[in-house]
Each structure stands twice: as C-alpha cells, then as structure tokens.
Amino acid sequence: MEKEFEIVDHTADVGIRAYGTSMNQAFANAAKALFSLITELDNVDEVVYRDIELVAPDQESLLVEWLNELIYIFDAENIIFKRFNITQLNNTRLKARSYGEKVDSSKHKLKIGVKAATYHMLKVDKTNGCQVQVLFDI
Amino acid sequence: MPAPWQGILKKIDDYRWEIPTSYKVGMSVSGLIYASEAMLAHIWQDQVFQQVANVAFLPGIVGHSLAMPDIHWGYGFPIGGVAATRVKDGVISPGGVGFDINCGVRLLRTNLTEDEVRPKIRQLVDELFVNIPSGLGSEGKIRVSEKELNEVLIKGSRWALEKGYGEAEDIIVTEESGCLKGANPDKVSSKAKKRGIPQLGTLGSGNHFLEVEVVDEIYDRDAAKAMGIKDIGQVLILIHTGSRGFGHEVCTDYVRLLGEAVKRYGISLPDRQLACAPVSSPEGQDYLQAMACAANYAWTNRQCITHWVRESLVKVFSKSQRALGLEQIYDVCHNIAKIEEYPINGKKQRLCVHRKGATRAFPAGHPDVPDVYKDIGQPVLIPGDMGRCSYIALGTETAMKETFGSTCHGAGRVQSRAAAKRGLRGADVARALEQRGIIIKAESIVSAKALAARGIISKAEDMMGSLAEEASEAYKDVTEVVNVTDKAGISHKVAKAVPIGVIKG
C-alpha cells in the first residue's frame, strides 16, 4: 500500500504530510493523520457520520478549514473519525461525509489534544502526485 | 570556528542580541533576543530568527520584535515573543496571542510545611485528581447554559465568585482583577460556545498541570515576605491552565476572518499565520472583544479550580481554609494582547502589546499593580516544565523601558514533542519523577492502565504519550531562562519552588 501520511517534526507542535493519487485522497489522508495523532484508529468503529460543506478563498485555506471543522466536531461532540469520503473538492469548495464513533473511555485511549490546524508551513502540491502539509498546534 | 550566528546577530551585551533590519527585507524594526551565549545554539537551530524577523513586518510595530530567553519555534509568531503595535495605525494579530488565549498561572500559598504535607502527599494528589477534572475530553462539574456562559464571558472571575467559587481577595491579586474589559459575547461564534460549555472548570491536557510545591530557595526575603512566603519548606500550589477549547475556537475563527482582512487592507505578510487587521478596524475591534471573552473564560476556569484545590486541602488536612492559610499570591496570563501606554520618542502612546508566551512584568508603583504589592512590583509566576521547578519573580522598571513591561513565561522547548516521545516512555517519566520524590497522577496513565488491564490495549506504557511529551528533557532549563531575565533586569528573581506532587491530563 502507498504511504498515506507521515509526521513532520516541529519543536513545539506536530506537522503532518499526507499523500494521495487525487487531492480528495490527500485531504482524506490528512484527516486520517489528524485522528491518528489523537487515538489508535484500529479501535474505532464506524457508527456515526457527519456531513461537512465548506467554502474557502483557496485550496490551502480549504485544507485548514477542513481539519479545523473536524477538530471542532471532535471537541464539541466527542466524535473520533476514521474514514472520510470527500465527494467534492475544487479550489474553493469541499463536500465530505466522515464516519466514526463517539469517544468511549472503556475502548479508546486518547493520546494528545489538538488545538487547531495552522497556516504555518502549509502546503498543497500537485506536481508529483498529490501532497499536502499542515502544522497542528497541540 | 565562529558560531553560525556571528555576522547576523549584533551583540549588545552578554544577555541582549540584536537582529538588524538588514537580516530580512521588509522588517520595519530590528529584533531583540534576550539570551545567554550558551542558549543561542538552541535558538539558532530552531529557525527562531526567521520568526522574530517575520513579526517585525507587522504594520505599526514599535521598539523591537522581542524574544524572551524561553523563545522557541512556533507557528507565525515564535513562542516567547512580545510585539507592540500602535493602536492608532498598527495591527492586531490573533496569532500573536495564540490558540490558548489567557493561558496562565495562578499561585496559592499555605502555611503548611513540607514535613506536614509529605506524609499525606499521595492522599492529597488523589483527592486533587478526583476533584479537578483533567485530561483530553474531560468535562467539567459546572453545568452552564449558553446564557450563563455569556455571563462568564463578560464577568470573568467575578462570575465564579458570585457562584461561591473563591474569595473576594482572590480577585484583587489577579491580573486585570480577573476580568478584561470590553468582552462582547456577540463577537464569539456559536461553535466556540459549544466547545466552551462542557469544558468550563477543567485543567485540560498538554502542558497544563497543577503542582504541589515546596519553597526551595529565597533570593529576596523582603519581597518574599510581602507575598506571604516566609521560609524554605513552605508549601505552595501552582495552577497552569487556560481557556480550553473555547479560546482555541476563538483564535481559529479570527485567524480565518483576519486572513481575509489582510487582503482588504492591503497588508503584506511573510507567513499566513500572522494574519492581522488594523487595531482600530471593525475586524480588529471584533477580535479584541472576542479575545476578552476567552480571557475571562480562562480566569473563571482558574478561579473554579482554585476553589476545588481549597476543598481538597481542607478535606485531607481536616483544617479550615483559614487555618491552612490558603490564600492566592497572584494570577498572571501569558498569552494575551493588551492595550497599554508607553512613551515612544518621549511621547505617551497607546499600544497593543502582544504577549505570546510572555508574562506582564510591571514594576513597583505601577497603577495596575495591586496595593498589597505596590512597594515590590507585580509578581511574575514562571512555571518550569512539569517536575523540575518554578520561579517567583517581580516586574521591573527595566521591563517598562525595554520590553513593554514583559518577561519570560516558562522553560521553552528545545526538543520536538515527537522526539521527546520517541526517546522516553510515559511510564519511565512517572518512575523517574517518583524516584526524585515527586508523586504524579496523570489522566493519561490512569486511563492507559485501565484499558491495559482489560486487554484492550496491549502495553499501557506505550500509550502514555502525553506524559512523555512533557518530560523535562524536552525543555530548556527554566533556571537558565530565569537567570537571564534577572541579569538583564527585565524581572527580579525572588524565590524558587520544587514540586512534590503533580496532577496532569
């Protein structure tokens, strides 16, 4: 299997680089990387889903807003997502359905808290496959 | 071999290093780093020069783009940075405050000694751990409606006091009396409120902690006495937390909104995370009003936790609060932007002082210093990394002249969190602390052990990431940081305390 994502070191925080054959896949893998930082996704089942629709001025902003929307749902509703079906993605618009499960302390071990995705070191690149990079404040 | 920063930095003296405006085209003021020569090696490796230089691009910045000795690589702004901009024609940047708005420190004193507390430390740590919700996804014991939350956002610590959490004296010795003026809940998104409601009254996770400490060294006896610190061996309680998910969402919302404003106002920036708007613009004012809400949320949070600390000690020692002498020394915030006045070229000007990982350090006699401290100056509380030591210092006139009344806020990281985790396991960290006589109870350990016992995760030790990330090895030595601020004169060292018990998320 192709590499989905990797962790990028940063002194205070954690960055991720995610890959895909399409930008949809790279965005989905970035979301998967985010929740892998939070918990072990193997223990998470697909029980609930949430739909997200976003509009942003450019694709880089769209990536940050996509991840921040997921962080918001995790914090407000305690849902861990593990699978992401991005049905629409262009430079300014994203539509997705994300599947996961509410946090269950008898089953899920939360590793780290993620405060937000930032615009620092932000990259969306299509030159060699699709690749995105983002830094989280943890 | 010459150090790599030679030819870039201009040495002013042993503790001050200037990054000239020629370092990067677009800097409108120079950078000024407070550090010892030994510390520069870390700072150099960490791309901090770039970030200090980038902050110098902000329209309306005055003085220098300042770096305290605990400076480290952030996102946009460095952590440990101070930047003052003119209110008249300068900008405000949410990134210059950070996601954890009004992350801060509160210090309480007791009249207990180490000898009295040691025999009961396990019991005390257990009681504090039960009473104060901590850890990821933890929910508070306080249930507020959105209407009540709006009152929290407007009133700050006073709301907690009205609900019976704390003493009137606590507010007197809290920065801004625990309430930043101008808070307007209408400028806060419903998303921020949704994140904030369940988390009110929680310690959180990450680098936040609560410590039972013992006074270890006193450098200025008179100043210590004025703060109720009488002798070595006296027990103190330190609380380090902020505005939780509420503040994170306020920052997220306004980085996005001000990112759009940057284009409207024709501002050019080297890093998008520096997104900003003129202080006087509608966007800038909206952010200030929302930020004040988050600051007030954080003070309420620390005020409620203070109350539960008192309840825990009263229970464990079977003595009244008064008999225990459980009083607040001070409460500071170290992620904030404040409108303050400073003389610029001989003329008083209103400035927006961004302190991101920096503590206000006002001198004796300053009108914002409470009466009890008017002869000594504002207490500055500097927590070290978890399990090392923390310092109590005072603001100075030098800070007013050089750093817009600011000094350091903590230890500052030298190692990435991921690297710290690879090298150390949570269980090892806990064991090492216990060997040094420090009892730790972390939600990450408790929950990992519970899951391992039921066979859900195979090795509890591998799952204690959060604790390993906060190991001492990941931080600069806070002693070195505090000594630089003391020698440079931007704060005055009073006392040092070492932990004997730690509660962590």
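Reader: What share of the contacts in chain A with a separation of 6 or more comes from residues 24 or more positions apart?

Author: That share is 63%. Keep in mind that this is a predicted model.

Reader: And what counts as a contact here?

Author: Two residues are in contact if their C-beta atoms, placed from the backbone, lie within 7 Å.

Reader: Which helices and strands make up chain A, and in what order?

Author: Chain A has two helices and seven strands. Starting at the N terminus, they go β-β-α-β-α-β-β-β-β.

Reader: Why is chain A called as compact as a globular protein of its length?

Author: Set the two values side by side: the radius of gyration of chain A is 14 Å, and the globule rule gives 14 Å for 138 residues. Those are close, so chain A is as compact as a globular protein of that length. Its C-alpha trace spans about 45 × 35 × 30 Å along the principal axes.

Reader: How much of chain A is buried?

Author: Of its 138 residues, 51% count as buried. To count, a residue needs 20 or more other C-beta atoms within 10 Å of its own.

Reader: What makes helix H2 of chain B "largely enclosed"?

Author: That's H2(B), residues 48–55, and seven of its eight residues are buried, so the rest of the structure largely encloses this helix. The buried ones are Val48(B), Phe49(B), Gln51(B), Val52(B), Ala53(B), Asn54(B) and Val55(B).

Reader: What covers those buried residues of H2(B)?

Author: The cover includes helix H1 (37–45) of chain B, along with strands E2 (16–19), E3 (31–34), E4 (61–75) and E5 (77–86) of that chain.

Reader: How do H4 and H11 of chain B pack?

Author: H4(B), residues 121–131, and H11(B), residues 282–317, pack at an angle of about 140 degrees, and their axes are 9 Å apart. The crossing is right-handed.

Reader: Which residues meet there?

Author: From H4(B) come Gln123(B), Leu124(B), Glu127(B), Leu128(B) and Asn131(B). They meet Trp308(B), Val309(B), Glu311(B), Ser312(B), Lys315(B) and Val316(B) of H11(B). Sorted by class, this contact has five nonpolar, three polar and three charged residues.

Reader: How many residues are in contact between chains A and B?

Author: On chain A there are 31, in contact with 40 of chain B. Strand E1 (5–9), helix H2 (59–77), strand E6 (116–125) and strand E7 (130–137) of chain A each supply at least two residues to the side that touches chain B. That side of chain A divides into 14 nonpolar, eight polar and nine charged residues.

Conventions. Residues numbered from 1 in each chain as written. Chains lettered and ligands numbered in written order. Predicted model: local features only at pLDDT ≥ 70, side-chain atom pairs only at ≥ 80, totals over all residues. Axes fitted to C-alpha atoms, helices over the stretch in contact; angles between N-to-C directions. Helix = DSSP H or I, 4+ residues; strand = E, 2+ residues; numbered from the N terminus. Left-handed = near helix turned anticlockwise from the far one by under 90°. Nonpolar A, V, L, I, M, F, W, Y, C, P; charged D, E, K, R; others polar. Buried ≥ 20, exposed ≤ 12 C-beta atoms within 10 Å, placed from the backbone. Rg over C-alpha atoms; globule rule 2.2 N^0.38 Å.
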